[in-house]
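Dear colleague,

I am handing over the structure we spoke about, and I would be glad if you could look through it alongside the notes that follow.

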Amino acid sequence: MKKSALQAARASYQPKLPVEISGAVTVVEGKPTTSVADQDEIKKLFPNTYGLPEITFERASADRKQGEPINVGVILSGGQAPGGHNVISGIFDGIKSINKQSRLYGFLMGPGGFVDHQYIELTSDIIDQYRNTGGFDIIGSGRTKLEKKDQFDKGLEILRKLNISALVIIGGDDSNTNAAVLAEYYKEIGAGVQVIGCPKTIDGDLKNNVIETSFGFDTATKVYSEVIGNIQRDCNSAKKYYHFIKLMGRSASHIALECALQVQPNVCIISEEVEAKNMTLDDVVQQIADVVAYRAAKGWNFGTILIPEGLIEFIPAIKKLIAELNDLLASKGAEFAKVEADKQREWIIANLSADNAKIYESLPAGVARQLSLDRDPHGNVQVSLIETEKLLSEMVAKRLGEMKVAGKYNGKFSPLHHFFGYEGRCADPSNFDADYCYALGFNAACLIEAGVTGYMSSVRNLTLPSVQWKAGGIPITMMMNMERRNGELKPVIQKALVKLDGKPFLEFASKRKEWAENTCYMYPGPIQFWGPAEVCDRTTMTLYYENK
């Protein structure tokens, strides 16, 4: 396989492991844990894996003894995130350090490959081609949900055929919820298979007190910030466009907030703040229009506006509408599918409550249609299909026209639109993500050796040099609560939203007025792999402020 100059050079990078797991380890158990909410319900659903203790690893004084060979399976689940290949590399090296005869099998194209028995053995010849590279192409990924008994039983057939005693699922909150369900089932039936999860999502919403960040967030936000910085340089050069930039982050605004801290745009909307302040869509539009008008008075008819992908769902009135739409289309989906396209809007209005019908009817036809399109696998509206950036720019233009008539605005407004999503999902991992992912994978091997199941690989103290990170595992049930999915209450890992009293948001809030009224753009440039540590090895601004 022909490689670019960067690929060839990047292959020689050696991730740095935390000292605690670089040799023989001692397992230290903490206190029993409880779920973050709905304790009685979660305990009832997970009687065999609920209440397990946190685990930390300490370096043992004795040398590492060779263990028995183990066969391990690995699944990449959900959307791509930079560093997934290094997680697999870490698992591979970790189980080989236990015994060189250990074997690693990769299930192809996600959980579907596990159920359908599609796999390859991952040998050193394969692994070495993918170290420190982006993407999930080593075995592919998929979004098949592991939630049914027949899937678990079908998967168990191939695990037994290959003598696999542990399965590592690399994924986000839903994928790791599935991992917990699988661990519980295999424990209940005495299958003798351990299940370990690894925290993956560029959205950054899989985090808590013991998972400081999900892998891929660092790289993706640096890639987006580079491109936004390039746009801001162009914006400040041409001085005639407003760039409306939508960023990934359906359920939380971590990406938008991190990018704002890196590039200092004129406006950045934080969905959680919109919801907390009970803002309407009209309020958001007015907020942007006021900044545009203020800058126009200074002779500046240009700027950048960052918008989280899931903003529309956080506007309280529209959030209620979407919740009813989700339930309606879950219960009457077959009936809706038979309605002619030109009559679907009328059908939805007739089947909604009066308040929500009024809101739905007031939306532009394009947005209303996008809210009623096919649901995602979890029964939710596909927010990424809603062109929020265009909706806002059109509404801001209309508002500015009204303000011009009232004598409150005198300028030119020329909007351009961008949506940055796939650009960041498969980038070569930053030094941080290369180290973090390798440590997560190697640590997963330590958890397997410790004999536990239903745990997520956890690596902490991430603002310190990687050799000083703390490794261990936390029960996946510890992060769970009950949420409505497809019209039913189900156990899921609780998503982490932007904390409005957290240091990253407070830092942003203290600076945004200055950024709006002036041109304070920062240009982070591309991800740096080589050079001074302050350039190459810095963590995200989010982690910096959280640990400051």
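Does Phe 107 count as buried or exposed? Please bear in mind throughout that this is a predicted model. Phe 107 has a relative accessibility of 0% and therefore counts as buried, the cut-off being under 20%. Phe 114, whose relative accessible area is also given as 0%, is buried as well.

Tyr 242 belongs to strand S8 (residues 242-247), whereas Phe 413 sits in the loop between helix H18 (388-405) and strand S11 (415-420), so that the pair ties together parts that are 171 residues apart in sequence. Both Tyr 242 and Phe 413 are buried.

Charged side chains also lie over aromatic rings: Arg 10 is placed over the face of Tyr 13, at 4.6 Å from the ring centre, and Lys 319 over the face of Phe 314, at 5.9 Å from the ring centre.

Turning to the nonpolar cores, the largest has 73 residues, and the members that touch the most others are Ile 88, Ile 91, Val 168, Ile 170 and Leu 247. Helix H20 (residues 431-450) gives the most to this core, contributing 12 residues. When neighbours within four places in sequence are left aside, the contacts of Leu 247 include Tyr 224, Ile 228, Ile 255, Leu 306, Phe 419 and Phe 420. A second, separate core is made up of 47 residues, among them Ala 293, Ala 296, Ile 318 and Leu 325.

Finally, there is a helix pair to inspect: the axes of helix H13 (residues 316-331) and helix H16 (residues 354-362) come within 10 Å and cross at roughly 105°, so H13 and H16 are roughly perpendicular to each other. On the H13 side the contact is made by Ala 317, Ile 318, Lys 320, Leu 321, Glu 324 and Leu 325, and on the H16 side by Asn 356, Ile 359 and Tyr 360.

With best wishes

Methods
Residues are numbered from 1 along each chain as its sequence is written. This is a predicted model: local features need pLDDT of at least 70, side-chain atom pairs count only at pLDDT 80 or more; totals for chains, interfaces and linings use all residues. Side-chain values use heavy atoms; hydrogens and water are left out. Buried means under 20% relative accessible area, exposed over 50%, partly exposed in between (1.4 Å probe, protein chains only). Helices (H or I, at least four residues) and strands (E, at least two) are DSSP runs, numbered from the N terminus. A charge sits over a ring if NZ of Lys or CZ of Arg is within 6 Å of the ring centre and within 35 degrees of the ring normal. A nonpolar core is a set of buried Ala, Val, Leu, Ile, Met, Phe, Trp, Tyr and Cys residues joined through side-chain atoms within 4.5 Å. Contact means heavy atoms within 4.5 Å. Axes are lines fitted to C-alpha atoms, for helices over the stretch in contact, and angles run from 0 to 180 degrees between N-to-C directions. Angles under 35 degrees count as roughly parallel, over 145 as roughly antiparallel, 65 to 115 as roughly perpendicular and the rest as oblique.
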